[in-house]
Amino acid sequence: SLIINSLFNQSILPDEIIIAEDGDSIQMREYISTLKHKSIKIKHTFHKDSGWQKNRSANNALKSASGEYIIFN
């Protein structure tokens, strides 16, 4: 939440935030639902949890991105 909150405090706000999850947890869905009222578009990408697959999760996020620049954190 520290990283996400820091994005909302930037002098130039991002066009969108993509949260890529390796798996699909209820906790993350609930957290994202608390952010829906914010002025930045938030996307949540995920895939079936079948072991550590960070790269696959990052690729899914890239596919859903609409911005000109992408920053991973």
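Modeller: Below are some questions and answers on this model.

Colleague: What are the ground rules?
Modeller: This is a predicted model: local features need pLDDT of at least 70, side-chain atom pairs count only at pLDDT 80 or more, and totals for chains, interfaces and linings use all residues. Residues are numbered from 1 along each chain as its sequence is written, and side-chain values use heavy atoms, with hydrogens and water left out.

Colleague: Where does lysine 43 lie?
Modeller: Lysine 43 is in strand E2, residues 41–47. Helices (H or I, at least four residues) and strands (E, at least two) are DSSP runs, numbered from the N terminus.

Colleague: Is lysine 43 buried or exposed?
Modeller: Lysine 43 is buried, because its relative accessible area is 18%. Buried means under 20% relative accessible area, exposed over 50%, and partly exposed in between, using a 1.4 Å probe and protein chains only.

Colleague: Which side chain does lysine 43 pair with?
Modeller: The side chain of glutamate 16, through a polar contact of 3.1 Å. A polar contact is a pair of N or O atoms within 3.5 Å; within protein, one must be able to donate a hydrogen and the other to accept it, and residues adjacent in sequence count only if both atoms are side-chain atoms. The lysine 43 side chain also reaches the backbone oxygen of serine 64, at 2.4 Å.

Colleague: And glutamate 16, buried or exposed?
Modeller: Glutamate 16 counts as buried, because its relative accessibility is 14%. Glutamate 16 belongs to strand E1, residues 16–22.

Colleague: Which backbone atom does the glutamate 16 side chain reach?
Modeller: The backbone nitrogen of serine 66, at 2.7 Å. As for glycine 67, its C-alpha atom is 7.6 Å from that of glutamate 16, with the two residues 51 apart along the chain.

Colleague: New topic. Which residues make up the largest nonpolar core?
Modeller: There are 8: Ile4, Phe8, Ile17, Ile19, Ile32, Leu35, Ile40 and Ile42. Helix H1 (2–8), E1 and helix H2 (26–35) are the elements that give two or more residues to this core. A nonpolar core is a set of buried Ala, Val, Leu, Ile, Met, Phe, Trp, Tyr and Cys residues joined through side-chain atoms within 4.5 Å.

Colleague: Last one: is phenylalanine 72 buried or exposed?
Modeller: Phenylalanine 72 is exposed, because its relative accessible area is 55%. Phenylalanine 72 sits in the segment after helix H3 (54–64).
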